Amino acid sequence: MDNFIVIGGGSAGCVIASRLSEDPSIHVTLMEAGPATSHIGIDDPKRWHTLGGSVFDWAFTTSCQKYTAGRKHQWPRGKILGGSSSINAMAHVRGHPSDFDDWKNDGCNDWSYDDLLPYFIKSETSAYSESPYHGATGPLQLMQPDSPHEITQCFLAAAEGFGMQPIAEHNGAKMLGPTLNTLNIVDNKRQSAADAYLRPALARNNITVVDNCLVDRLLINKNGGCIGVTYIKNGNTNEIYSTAGVILCAGAIGSPQILLRSGIGCAKRAQKLGIQPTIDLPGVGQNLHDHCLGAGNMYLSRRALPKSQYQHSESLLYVDTKSSCGKPDIVLACVVLPVATEQFELPTDESAYTIMYGVTSPKSRGMIELQSTDPFAHPIIDPNYLGHPEDRISFIDALDFAREIGASSMLSEWRKSEHLPGPNIQSIAEKTIFNAQAAFTHHHPVGTCRMGTDSTSVVSPRLQVHGIENLFVVDASIMPKITSGPTNAAVVAIAEKASDIIQNRSTLQPVTIKERI
């Protein structure tokens, strides 16, 4: 029986383990650093914003960021089966077709939107399944709010009042325009990737989950093949071996860490830490980028706000302010709670709501490096937020647009006053300072094991680590460029396709739809 080891039980790992174990001739060992069981705080969609800093969070912290007022940013990542799909805001947005076409244009053949669309379709059960964009039998059960919050409805009306044409949902022919969020919520409970993919597969006798274990290093033989891993559980160091392959699904932070500890990365940096280089791949840990949001466009309400029946953020608005090509450059999120960074005090005695804003395709790039060889030590994380001057300009544009929507007459029945930034913040300099204080992560780190064919890429378009046999990376780290929307939907589709690639099966035929905007 072929034995695969899957490292990381997050969104990608759950998909891979489930799909590989469909073949009874394959045994899958899934290794997860967190617990295997869920928790009421995870299941309740309304409590997602309380999970950062909990026992289910890796609780990473960035280095001081020059362009965000020298601040360190908290980077929550899921440490439980389901990974970050167990602690995120449950938005299911694929991204714009051109996001994936850019991957293909960068040399990643077979990774265009048309190539991935059949895997998006395979992954989901959607109310729009009669559309050629959607599926009716997949594990992910997609929904939209049927009783949206009153603030959400006013927000959508405000966008329409600015001439934006409403759309049915984000994942069809158009991404631009006011619409309700597509969410991974089933029967008023979160549906994580573990719920959708893994837990139904655990009835099979060819899948084993090893939870609460920390993978330290990969085992590489003298022929340059990955044959297993070293891991720590209950204070003991153990080894486990694979006959078929090792698949890294530890995410944009975890996957490069494991590679680097295994001597797969920049040889000079490895030697400085006392690590014997296995292969010189300088791209490992580089190309880090993330969506950065402004969590500060906050309004005090004239009266108490009703509670959200869903997850407090029932609409994302994607806007094309520059190119007129249909691809968004700005995103707004209507949140029916007060949201701000540690730089600001939240109102304590008044209801408030927030229109968050961000840049969909940031140009800033950062990196991840090891601090030491200690597998329990967090890495150095430098996303270089707003490091590219165009990102800073676009971030101000996003703030301006959010304020225009927030000041709309459609919200006048609820709006008491602009609490943040506040009416005194008007000049470019003042907005720049405010944005530096208000910026925070949108929880979408990608790119640190970039897929490609050039000398700075880490994995091939078949997701095999360059120069190492039987070692694959399948998670958000392989994305050459970030998707316009939240990354979880794309990670699931990547893992669906990867399960075919790794088993040397024919991939699904591309689906070409002429109606694409």
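Visitor: Which residues point which way from strand β13?

Guide: Gly245 and Ile247 point one way, and Val246 and Leu248 point the other way. All of them are buried. This is a predicted model: local features need pLDDT of at least 70, side-chain atom pairs count only at pLDDT 80 or more, and totals for chains, interfaces and linings use all residues. Residues are numbered from 1 along each chain as its sequence is written, and side-chain values use heavy atoms, with hydrogens and water left out.

Visitor: Why are β1 and β13 called a pair?

Guide: Two strands pair if DSSP finds at least two bridges between them. Four bridges join β1 (residues 2-7) to β13, so they pair. The two run parallel. Val6 stands opposite Ile247.

Visitor: What joins β13 to β26?

Guide: Three bridges, in parallel. Leu248 has Val473 in β26 as its bridge partner.

Visitor: What is the strand order of the sheet?

Guide: The order is β9-β2-β1-β13-β26, in an open sheet of five strands with parallel pairing.

Visitor: Why do β9 and β26 count as edges?

Guide: β9 (207-210) and β26 (471-473) each have a single partner strand, so one side of each has no neighbour in the sheet. For β9, four bridges in the parallel sense link it to β2 (residues 26-31). Met31 stands opposite Val210 there.

Visitor: How do you know whether Ser21 is buried or exposed?

Guide: Buried means under 20% relative accessible area, exposed over 50%, and partly exposed in between (1.4 Å probe, protein chains only). Ser21 has 2%, so Ser21 is buried. Ser21 is found in the loop between α1 (11-20) and β2.

Visitor: What makes Ala17 and Ser21 a polar contact?

Guide: A polar contact is a pair of N or O atoms within 3.5 Å; within protein, one must be able to donate a hydrogen and the other to accept it, and residues adjacent in sequence count only if both atoms are side-chain atoms. The backbone oxygen of Ala17 lies 2.9 Å from a polar atom of the Ser21 side chain. That is within the limit, so the term applies.

Visitor: Why is helix α7 called largely enclosed?

Guide: Eleven of the eleven residues of α7 (residues 251-261) are buried, so the rest of the structure largely encloses this helix.
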